[in-house]
Amino acid sequence: MSCIFCKIISGEIPSKKVYEDESVYAFYDIQPMAPVHVLIVPKTHIASVNEVTSENSAVIAHIYEVAAQLAKELGVAESGYRIVSNCGANAGQTVFHLHFHLLGGQPLKTDMC
Ligand code: AMP
Ligand code: ZN
């Protein structure tokens, strides 16, 4: 498996872990775009939102539970934050292992596209 996020999850590539359980891994983005920039990923390899089905979607709900918990722990729950998942070329997806950016810690741009 050549997927960089699968290698991060397995520990083959180092990361700054912020959370881990049986199905989800979260770590700091290597090129932060906000004071708080964490990536939350399923441990199962799902390439993008395009590959989410009724068979694998339970982990997405769990990721949002983890996001809510991390937002509190990282101090952005009250000030506000954004969760983004880029899918495909036009969205600028660069890593094809489903991931959710949790961004906050400053006012974020409101133009979404
Ligand atoms: P996207 O452009 O939505 O596919 O997001 C991929 C994100 O992964 C980017 O924000 C990168 O900075 C981040 N990234 C790539 N490699 C690493 C790494 N080794 N550790 C942490 N974050 C990474
Ligand atoms: Zn992967």
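Trainee: In which strand is the place of His-37?

Mentor: In this predicted model, local features need pLDDT of at least 70, side-chain atom pairs count only at pLDDT 80 or more, and totals for chains, interfaces and linings use all residues. Residues are numbered from 1 along each chain as its sequence is written, chains are lettered from A and ligands numbered from 1 in the order in which they are written, and side-chain values use heavy atoms, with hydrogens and water left out. Helices (H or I, at least four residues) and strands (E, at least two) are DSSP runs, numbered from the N terminus. His-37 has its place in strand E3.

Trainee: Does one call His-37 buried or exposed?

Mentor: Buried means under 20% relative accessible area, exposed means over 50%, and partly exposed lies in between (1.4 Å probe, protein chains only). His-37 has 3% relative accessibility and therefore counts as buried.

Trainee: How many bridges join E3 and E5?

Mentor: Two strands pair if DSSP finds at least two bridges between them. E3 and E5 are paired in the antiparallel sense over five bridges. Within E5, Leu-103 is the bridge partner of His-37. E5 also pairs with E4, in the antiparallel sense over four bridges, and there Ile-83 stands opposite Leu-102 of E5.

Trainee: Which residues point one way from E5, and which the other way?

Mentor: Phe-100, Leu-102 and Gly-104 point one way, His-101 and Leu-103 point the other way, and all are buried. E5 is accordingly described as mostly covered, with five of its five residues buried.

Trainee: What joins the side chains of His-37 and His-101?

Mentor: A polar contact is a pair of N or O atoms within 3.5 Å; within protein, one must be able to donate a hydrogen and the other to accept it, and residues adjacent in sequence count only if both atoms are side-chain atoms. The side chains of His-37 and His-101 are joined by such a contact, of 2.8 Å. His-101 also has an N or O atom in its side chain that is 2.8 Å from an oxygen atom of ligand 1.

Trainee: How many residues surround ligand 1?

Mentor: A residue is near a molecule or strand if one of its heavy atoms lies within 4 Å of it. For ligand 1, 16 residues surround the molecule, and the closest are Asp-29, Asn-86, Thr-94, His-99 and His-101. The backbone also takes part: an N or O atom of the Thr-94 backbone lies 2.7 Å from an oxygen atom of ligand 1, and one of the Ile-30 backbone lies 3.1 Å from a nitrogen atom of the ligand.

Trainee: How much of ligand 1 does the protein bury?

Mentor: Accessible areas come from the Shrake-Rupley method with a 1.4 Å probe; for residues, only the protein chains shown count as cover. Ligand 1 exposes 510 Å² when taken alone, and the protein buries 85% of that.

Trainee: Let us turn to the metal. Which residues coordinate the zinc ion (ligand 2)?

Mentor: Donors are N, O and S atoms within 2.8 Å of the metal (3.2 Å for Na, K and Ca); water is not among the atoms, so sites may look incomplete. The zinc ion (ligand 2) is coordinated at 2.1 to 2.3 Å by Cys-3 (SG), Cys-6 (SG), His-45 (ND1) and His-97 (ND1). Along the chain, these donors follow the spacing C-x2-C-x38-H-x51-H.

Trainee: Why is the arrangement around the zinc ion (ligand 2) tetrahedral?

Mentor: Four donors count as tetrahedral if all angles lie between 85 and 135 degrees; four count as square planar and six as octahedral if opposite donors are over 155 degrees apart and all others between 65 and 115; anything else is irregular. Around the zinc ion (ligand 2), the four donor atoms subtend angles of 104 to 118°, and therefore the arrangement is tetrahedral.

Trainee: Where do His-45 and His-97 lie?

Mentor: His-45 lies in the loop between strand E3 (36-42) and helix H2 (58-73), and His-97 in the loop between strand E4 (81-84) and strand E5 (100-104), so the pair ties together parts that are 52 residues apart in sequence. His-45 counts as partly exposed, at 30% relative accessibility, whereas His-97 is buried, with a relative accessible area of 0%.

Trainee: How many residues stand between E1 and E2 in their hairpin?

Mentor: The hairpin of E1 and E2 has three residues between the strands. Strand E1 (residues 17-20) and strand E2 (residues 24-28) pair in the antiparallel sense over three bridges, and Phe-27 in E2 is the bridge partner of Lys-17.
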